Amino acid sequence: MNKQNINKIKLFLMGLENRFKENSSIFKNIYVTYSAGLKEFKGTGIFYDGKIKYNFNGKTELLDINSLFNNITKECDNYDSIIILYKERGTDILITGDNKNVKMTNTETNDNLSFNENEDDHNIRETSTLLNRDYYIKVGKADSLLKEICIMSKDGKIKNDKIRKYNQIDHYVELLEGVLDSLPKNEEITLLDCGCGKSYLSFVLNYYLTEVKRRKCHFIGLDISEGVIESSKKMASNLGYRNMEFHAIDIKNYKPSRKINVALSLHACDTATDMAIALGIKLKSDCIIAVPCCHRELLNQYSYEPFKSILKHGILKARIADALTDGMRSMMLEAKGYNVSVVEYISPLETPKNLMIRALRTGKENDKVMDEYINLMASLNIYPALYKFLNENWMI
């Protein structure tokens, strides 16, 4: 190749080098094909310990990104043309060059470019028409993710028994989109999943933020179970999501090494939700998201004389306890300087535990709401776990 076009390739590679240095966690691999006459010579590079393990002409080297691109451009002297495919999560960048022209194109990654749908196969058809909406987590583009979290079969079809789950996770992303857009721009977002379990929704948010919104992000999953943590680590490795870390630890003993922008809690049982909210408040997280699960704590505590004739019915007492629990969680968040909204997460026909609490930090605490909270504690004869956790000395 002539020097002029080699220099153009070098300029394109300088741009890719800056992308890599800015966020190496989204790099997947690089493929290089040189041509001389009818012969082709191929090189392949994968991420390894912060560098690129690159194999070319039977030789494998561990190179930093600058050295790799210098090697690639030097080799251009020996060939007629070059094709470079630089793959990131959600994006393929193609550079082609020969003695006549050099060009670069960007395309969105599509995990599954074709679907085999016939008259006897209703999975994809049912998925696409079940809800009249444009899905946030799209079949085709997000196939690798959907397969890993067992929503999609190996042949690229949403499983019939997972359609409901697919709709739930997509609605979860929809409810959080505006919240996530309000977070600081032009900096890495760190999300902490408290009681993460198998971390399915963290994987979904990771995909959406990284590959759809193009935001630099980092996820931390906490759970006391070593088994589910190992499962989450394996899934992250399978997906190539290097911007995730998982720890088997009691939330009370966790001390973050970075600013936490978002504290998440999904279906953490009973007071585990309160522990997660307390951690988010203690860390001054920009955003706290909680989808509570069972509510047992206040049921056996609260009493209210004017409601005596109502509370004698156990089912009514339990439902009021649920509302009191989430209502007082919302009050505490407001008192601690958060704007709070409580929304329906999924249909109550699927589960009565269907609320999502969304809180955005203002930094201005509300003493009036705190006074109301304390008065309610006295009136109802209760001592909520969230209040207790916030007044305990944790490791933070």
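When I say two residues are in contact here, I mean they have heavy atoms within 4.5 Å of each other. And keep in mind that this is a predicted model.

Okay, helices α5 and α6 to start. With that contact rule, α5 brings Ile169, Tyr172, Val173, Leu176, Glu177 and Leu180, and they meet Leu201, Val204, Leu205, Tyr208 and Leu209 from α6. Sort the residues of that contact by type and you get 10 nonpolar, no polar and 1 charged.

So how do the two helices sit?

The structure has 15 aromatic pairs. Take Phe20 and Phe47: that pair is tilted, with 6.3 Å centre to centre and 40° between the planes. Phe20 is in helix α1 and Phe47 in strand β2, 27 residues apart, so the pair links distant parts of the chain. Phe20 counts as buried, at 6% relative accessibility.

Then there's Tyr373 with Tyr387, and that pair is stacked: 6.2 Å centre to centre, 25° between the planes. Tyr373 lies in helix α11 and Tyr387 in helix α12, so this pair ties together parts 14 residues apart in sequence. Is Tyr373 buried or exposed? It's buried, with a relative accessible area of 1%.

Last one: Tyr34, Phe41, Tyr54, Phe56 and Tyr79 come together as one aromatic cluster.

Terms used: Residues are numbered from 1 along each chain as its sequence is written. This is a predicted model: local features need pLDDT of at least 70, side-chain atom pairs count only at pLDDT 80 or more; totals for chains, interfaces and linings use all residues. Side-chain values use heavy atoms; hydrogens and water are left out. Helices (H or I, at least four residues) and strands (E, at least two) are DSSP runs, numbered from the N terminus. Ala, Val, Leu, Ile, Met, Phe, Trp, Tyr, Cys and Pro count as nonpolar, Asp, Glu, Lys and Arg as charged, and the others, Gly among them, as polar. Rings of Phe, Tyr and Trp (its six-membered ring) pair if their centres lie within 6.5 Å; planes under 30 degrees apart count as stacked, over 60 as edge-to-face and the rest as tilted. Buried means under 20% relative accessible area, exposed over 50%, partly exposed in between (1.4 Å probe, protein chains only).
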